[in-house]
Amino acid sequence: MSVDVLLGLQWGDEGKGKVVDFLAPKYDFIARFQGGPNAGHTLKFDNKKHVLHQIPSGIFRKNKHNIIGNGVVLDPVIFKKEVDAIHEKFNIDLHEIISISNKAQLISPVHRLLDRVLEENKGKKKIGSTLKGIGPTYQDKIGRHGLRVGDVLSKSFKEKYEKQKSYHDYFLEGHYNDSFKNEEEDFFLAVDFLKKFNLTDTEYLINNNLIKDRKILAEGAQGTLLDIDFGSYPFVTSSNTTTAGACIGLGISPNKIHNVYGIFKAYCTRVGAGPFPTELFDDIGDKIAQNGKEFGSTTGRPRRCGWLDIPALKYSIMLNGVTHLYMMKADVLSDFDKVKVCIGYEYEGKEINYFPSIIDSDNIKPIYKSFSGWTSGVNSSRKYSDLEENFKSYISFIEDNVGVKVKLISLGPDRDETVLLD
Ligand code: GDP
Ligand code: IMO
Ligand code: MG
């Protein structure tokens, strides 16, 4: 009777979508527990690629039920677009295979507008938000005037919406133009669409199925270093992206958590602003970006790239209680003469091996260890024994330093480009 959690250990986009889709056949339920349409989870199979934003990544596997948990912030307009696109492209009807928590918060046009105006007001200190309304929606939740999915069934939904909007009138005065009014129209149409889904107490759905020994995989969004408490605040998202967030965001008790799959890229990327100690500003960084096609799945922005950061990885493993490491995109580091890993930092005149909480590019300098590279031949490996020795040394070094074994290696975006280790 347990739940496994899969989450990102870096700044998001580690490849969570690919692995959830890969693992889904072993589970009965796949559940998203936080975040919203700021996420972009890419799946590739049968020569088709698809990006999911709010819908869990288990929908393409037969007989799986997918849950959008109470910790999620749901934009009904984006939800409708996603559902329609999946129906059109794959002929899958999601009504029967998705349940949505009646306690998940609704993102409205007001939140999207607030996100934009708040970011504009930050000038040079912009967070680089995806502008999907995430921060303002969580603010309203904590401020106790959020609109929840369950509210859409209420006869007074419109009044509730207007009441919530009125809290922001002072700040948004002058922004309610025609384009905003069109967005409001789309919002109410999408809310009607949402009503046809199973909106329920998903915490009961999950716990009742746990009693029946059904298997549940909790799918994280964003990454640990974007966590509202432990990330590089204020350059973070507005939810708890860690294992504990899965308990809160689904209504499961901590003693039900079993395996924690920590996903990391063989290097690092970050999209949006904020500290990134191992960021590369040279040809090597450009080559990683090019090989890895490092452009945001949600916003299309170029992702910043750099070497793997072991102190940061250890920090994330500690916060999440990671039991299995999954290394993604190792193929992207093929054909480099040298591959480097950050093993510590020079920080304010001292050598340290932990991840400090206050970082700016002036007070931190990574200390690297170099490895001989591997070739693109590694891309066709399908079992551990096929892997090149140089690459195996890289894996062993990471395992020895972080104290957790790498159990899966991903060598391409497709479901099949995956190597499982014993
Ligand atoms: P997520 O947000 O964690 O699900 O990750 P994204 O989908 O935003 O970004 C990961 C990107 O890398 C997507 O374009 C995936 O198709 C791609 N990808 C995933 N695993 C691999 C891999 O092992 N190798 C390569 N080259 N691409 C991968
Ligand atoms: P997935 O699930 C990468 C980043 C944004 C910005 C910061 C705050 O695909 O890994 P927000 O819109 O949440 O207010 O933005 O967080 N960010 C992500 N970066 N992957 C994501 O999700 C992200 N979701 C948010 O770029 O820096
Ligand atoms: Mg992504």
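**Aromatic pairs, salt bridges and a magnesium site**

A search of the whole structure, which is a predicted model, finds 20 aromatic pairs, a pair being two rings of Phe, Tyr or Trp (its six-membered ring) whose centres lie within 6.5 Å, with planes under 30 degrees apart counted as stacked, over 60 as edge-to-face and the rest as tilted. Among them is the edge-to-face pair of F157 and F188, with 6.1 Å from centre to centre and 75 degrees between the planes. F157 belongs to helix α5 (residues 157-166) and F188 to helix α7 (residues 178-194), so the pair ties together parts that are 31 residues apart in sequence; helices (H or I, at least four residues) and strands (E, at least two) are DSSP runs, numbered from the N terminus. F157 counts as buried because its relative accessibility is 5%, where buried means under 20% relative accessible area, exposed over 50% and partly exposed in between (1.4 Å probe, protein chains only).

W374 and F391 form a tilted pair, 4.7 Å centre to centre with 40 degrees between the planes. This pair links W374, in the loop between β18 (364-372) and α12 (389-402), with F391 in helix α12, 17 residues apart.

Elsewhere, the side chains of D201 and K103 meet in a salt bridge of 2.7 Å, N to O; here D201 is partly exposed, with a relative accessible area of 29%, and K103 is partly exposed at 23%.

D13 takes part in a salt bridge with R303, the closest N and O atoms being 3.0 Å apart, which links the loop between β1 and α1 to the loop between α10 (283-291) and β13 (304-306) across 290 residues. R303 is buried, with a relative accessible area of 9%, and a network of salt bridges links D13, K265, E294, R303 and K329. D13 (OD) also coordinates the magnesium ion (ligand 3) together with G40 (O), at 2.0 to 2.2 Å; donors are N, O and S atoms within 2.8 Å of the metal (3.2 Å for Na, K and Ca), and water is not among the atoms, so sites may look incomplete.

A contrasting case is D115 in helix α3 (residues 109-121), which is buried yet has no salt bridge, the nearest side chain of opposite charge, K122, being 6.9 Å away. Its side chain makes a polar contact with the side chain of S129 at 3.1 Å, a polar contact being a pair of N or O atoms within 3.5 Å, of which, within protein, one must be able to donate a hydrogen and the other to accept it, while residues adjacent in sequence count only if both atoms are side-chain atoms.

Residues are numbered from 1 along each chain as its sequence is written, and chains are lettered from A and ligands numbered from 1 in the order in which they are written. Local features need pLDDT of at least 70 and side-chain atom pairs count only at pLDDT 80 or more, whereas totals for chains, interfaces and linings use all residues, and side-chain values use heavy atoms, with hydrogens and water left out.

Key. Lys and Arg count as positive and Asp and Glu as negative; His and the chain ends are not counted. A salt bridge is a side-chain nitrogen of Lys or Arg within 4 Å of a carboxyl oxygen of Asp or Glu.
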